Amino acid sequence: MKKIFCNIFGHHYSVSKKVTSHIKEYKCIHCQKEVTTDVSGNLALLTPELQDINRTLEHIYQRRHTATQQVA
Ligand SMILES: [Zn+2]
């Protein structure tokens, strides 16, 4: 039922995880389909490979962010 809704009206994504200030992961509130922002800024299906890349980016981003805070 919910998937049919998405097929007709399109997915309704909400941010499920903020990876960096530019990259976020989204989940459809109706069918739980997960997508992410890819390097070119488009939405791509959240594959295990992309999830892996995001975890790495998140790690680097948080380390940088923490380092900046310590300097300031
Ligand atoms: Zn959906």
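Mentor: Let's start with accessible area: it comes from the Shrake-Rupley method with a 1.4 Å probe, and for residues only the protein chains shown count as cover. Here the protein's accessible surface is about 5,500 Å², with 56% belonging to carbon and sulfur atoms. Keep in mind that this is a predicted model, where local features need pLDDT of at least 70, side-chain atom pairs count only at pLDDT 80 or more, and totals for chains, interfaces and linings use all residues. Residues are numbered from 1 along each chain as its sequence is written, and side-chain values use heavy atoms, leaving out hydrogens and water.

Trainee: In what order do the elements run from the N terminus?

Mentor: Helices (H or I, at least four residues) and strands (E, at least two) are DSSP runs, numbered from the N terminus. In this protein the order is α-β-β-β-β-α.

Trainee: Which side chain meets K17 in a salt bridge?

Mentor: A salt bridge puts a side-chain nitrogen of Lys or Arg within 4 Å of a carboxyl oxygen of Asp or Glu. K17 pairs with E58, at 3.0 Å from N to O. E58 sits in helix α2 (residues 48-71) and K17 in strand β1 (residues 13-18), so the pair ties together parts 41 residues apart in sequence.

Trainee: Is E25 buried or exposed?

Mentor: Buried means under 20% relative accessible area, exposed over 50%, and partly exposed in between (1.4 Å probe, protein chains only). E25 is buried, at 3%. Its salt-bridge partner R55, with closest N and O atoms 2.7 Å apart, is partly exposed at 33%.

Trainee: Which residues are linked in a network of salt bridges?

Mentor: K17, E25, R55 and E58.
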